[in-house]
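Dear colleague,

Here is the structure I said I would pass on. My notes on it follow below.

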Amino acid sequence: MEEIQSQSDNYRSSSSSASSPASRVPSSNFFYLRKPGSIRQPISFEDSPEWEDTDTDLRIEEGGDSINAATTPASPSLSKINSGSLPSPRVPEGVVIPRKIAGASVAWKDLTITIKGKRKYSDKVIKSSTGYALPGTMTVIMGPAKSGKSTLLRAIAGRLHPSARMYGEVFVNGAKSHMPYGSYGYVERETTLIGSLTVREFLSYSALLQLPGFLCQKKSVVEDAIHAMSLDDHANKLIGGHCYMKGLPSGERRLVSIARELVMRPRILFIDEPLYHLDCVAALLMMVTLKRLASTGCTLIVTIYQSSTEVFGLFDRICLLSNGNTLFFGETLACLQHFSNAGFPCPIMQSPSDHFLRAINTDFDRIIAMCKNWQDDNGDFSSVNMDTAVAIRTLEATYKSSADAAAVETMILKLTEKEGPALKSKGKANNATRIAVLTWRSLLVVSREWKYYWLHLILYMLLTLCIGTVFSGLGHSLSSVATRVAAIFVFVSFCSLLSIARVPALMKEIKIYTCEESNEHSSTIVFLLAQLLSSIPFLFLIAISSSLVFYFLVRLQDQFSLLMYFVLNFFMTLLVNEGIMLIVAALWQDVLGSLLTLLCIHVVMMLSAGYFRMRNALPGPVWMYPMSYIAFHTYSIQGLLENEYLENSFAVGQVRTISGFQALQNVYNISAEYNSKWKNLLVLFVMAMGYRIIVLVLLFLLGSRKMWLLKRFKCNRDTTDTS
């Protein structure tokens with residue numbers, strides 16, 4: 001492995017030669033810095049002062065578990081050049097600092113990724129990309145929008161969409177092996193957090209879901225993650241979100257999403273757009289935090305669209321993409337020299353990333369065409385006076401023939417000629433633990449999110465109070481039967497319709513599940529069982545409170561057993577309704593579409609429930625079969641009416657009496673059997689479980705199809721590599 005170090009030194013010398021006085025290309029146009037006090041005259045890059053910052057060379061000792069950091073003269077730090085901030089402590093020469101390995105080398109060679117229909121003229125999203133990332137460094141994939149940054153990151157991490165096809169090789173510690181669970185972390189561009197939890201609570205639950213072992217061990221991991229992401233001052237604050245006006249700023253929320261992956265202590269961390277929706281201060285704080293994380297030995301690979309000069313100076317290596325083409329891979333200052341050699345020097349007082357994106361972003365051609373007349377009068381507003389397509393071809397050709405590209409190829413050969421230690425899985429928490437954790441977490445969320453849950457309970461109470469007062473004082477005569485049927489129908493139908501208001505909360509739970517399932521922190525069965533167990537107390541609280549208000553205002557039968565059946569029947573109705581909402585939410589993945597679909601479903605079920613027209617009189621083809629049998633309203637209302645009237649009798653005149661079943665014959669279809677109400681309750685229970693089984697199958701089929709395609713894709717790729 002000593003050859004890797006020698007090759008790394010050769011590559012560093014070839015890359016950093018761009019910043020050495022002997023190799024700089026004299027150009028009066030390559031202005032980037034000004035000396036203090038020289039405001040009027042621009043100072044060229046050759047006249048820049050000496051920098052005292054140091055960089056770290058990694059020496060991987062064969063057969064050892066330590067990584068030695070020896071200080072060597074480094075490339076100039078752009079953040080220190082421009083702002084003088086973020087000073088690095090001086091380390092005396094010759095000092096060797098041993099630290100535990102936390103990272104792994106990653107190399108990708110000739111990666112070509114195709115996605116059908118992704119590009120207008122070609123399906124190739126990434127074209128022959130080659131690069132590497134070493135422990136203790138931060139490698140940045142940069143490029144304009146739709147340049148293939150996220151696709152390349154997913155390809156390296158082994159998380160490509162099933163519709164994509166990948167050609168090429170990815171090596172981890174020199175071996176073409178896939179990264180097991182726990183050895184790497186992946187942070188999406190947009191992640192869903194639970195706003196009603198504090199940072200420490202959120203990370204604690206994440207640790208319980210991800211890690212096996214004892215609780216005391218997981219607490220120390222959580223504290224380490226909080227400290228690593230500089231969240232000590234925010235650890236006990238609510239994350240914030242939908243139900244809270246105030247919460248953590250966007251930068252700290254992004255840090256929390258990264259800290260969730262750090263509780264596993266991954267050796268490799270992939271982050272898609274860590275600066276997404278962050279201002280300049282939050283972006284600088286984010287990158288300084290990630291730089292400090294990389295200094296512990298972790299291998300960081302991130303994608304960035306654009307950065308300030310200070311942020312740009314924190315990168316170790318940069319992979320520059322445009323339309324899937326690799327225009328440069330190497331150290332940051334070598335990229336500046338690369339653009340200068342190609343004829344595009346970075347102007348003074350301009351951020352390097354702005355200059356890069358201006359040169360390689362094809363959208364600027366359209367902007368220049370729009371501002372043609374304005375440019376003629378006011379001069380060019382850009383230093384790149386060339387068609388973007390020509391600039392991209394020039395940069396690509398210059399890079400392919402440069403020493404930087406040759407050094408990358410040689411380094412990858414050295415990294416892959418001998419396999420290092422294989423990454424091992426750290427184990428998972430068992431399903432019973434995960435179900436308990438998710439259930440308890442959901443119960444805690446229910447107790448705190450008043451807008452989704454407690455306000456919902458208040459609305460139920462107000463609705464049942466309105467229905468109860470409207471239908472109060474009916475009495476128990478034969479003439480009140482039709483009105484009582486109407487009251488029960490309105491109670492079941494309107495309360496079921498009101499439960500649609502829980503769709504945003506269910507949608508949020510599904511998004512959290514999707515995020516956790518993609519990182520293997522949860523599974524479909526675990527999610528559905530935990531969701532069922534956590535929803536039972538809340539739904540039962542709604543059922544018993546609403547039933548008591550309605551039952552006593554309408555003055556139904558004064559028997560405790562009948563009251564308990566009423567509560568149980570309505571609770572099963574809510575449980576069935578939530579199963580339907582889960583199916584629709586899982587299919588739509590959109591709040592508005594789910595609400596409109598559920599509204600239509602409820603209206604159709606209300607029409608076929610047998611109240612507006614008796615069930616036996618409904619048209620056969622659609623409304624009676626199958627709609628009246630699918631509608632849960634039918635079984636709920638029929639069971640409640642049987643509970644109320646089967647043991648009753650009504651006097652007709654002074655001699656004759658009729659049973660409650662006979663009194664309801666002309667109003668609603670019910671069964672004459674006493675046990676029929678329990679049969680209706682059993683049907684509701686079967687429907688509640690059946691709808692959740694449908695959700696389970698639906699999510700399982702979607703997930704298994706994705707996993708099957710991924711495995712098939714990996715097998716095909718391995719076969720291609722072997723051949």
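Disulfides number zero in this structure, which is a predicted model. For reference, a disulfide is a covalent bond linking the sulfur atoms of two cysteines.

Helix 16 (residues 450–470) packs with helix 17 (residues 481–498) at an angle of about 160°, and their axes are 10 Å apart. Since an angle over 145 degrees counts as roughly antiparallel, helix 16 is roughly antiparallel to helix 17. The crossing of the two, helix 16 and helix 17, is right-handed. On the helix 16 side, the contact is made by H456, L459, Y460, L463, T464 and I467; on the helix 17 side, by A487, V490, F491, F494, C495 and L498. Sorted by class, the residues in this contact of helix 16 with helix 17 are 10 nonpolar and two polar, with no charged ones.

The last item is an asparagine. N643 is part of helix 23, which covers residues 632–645. Is N643 buried or exposed? Its relative accessible area is 5%, so N643 is buried. Apart from neighbours within four places in sequence, N643 is in contact with L562, Y565, F566 and K677.

Regards

Definitions and conventions
Residues numbered from 1 in each chain as written. Predicted model: local features only at pLDDT ≥ 70, side-chain atom pairs only at ≥ 80, totals over all residues. Heavy atoms only, no water. Disulfide = S-S within 2.5 Å. Helix = DSSP H or I, 4+ residues; strand = E, 2+ residues; numbered from the N terminus. Buried < 20%, exposed > 50% of the residue type's maximum accessible area, 1.4 Å probe, protein only. Contact = heavy atoms within 4.5 Å. Axes fitted to C-alpha atoms, helices over the stretch in contact; angles between N-to-C directions. Parallel < 35°, antiparallel > 145°, perpendicular 65-115°, else oblique. Left-handed = near helix turned anticlockwise from the far one by under 90°. Nonpolar A, V, L, I, M, F, W, Y, C, P; charged D, E, K, R; others polar.
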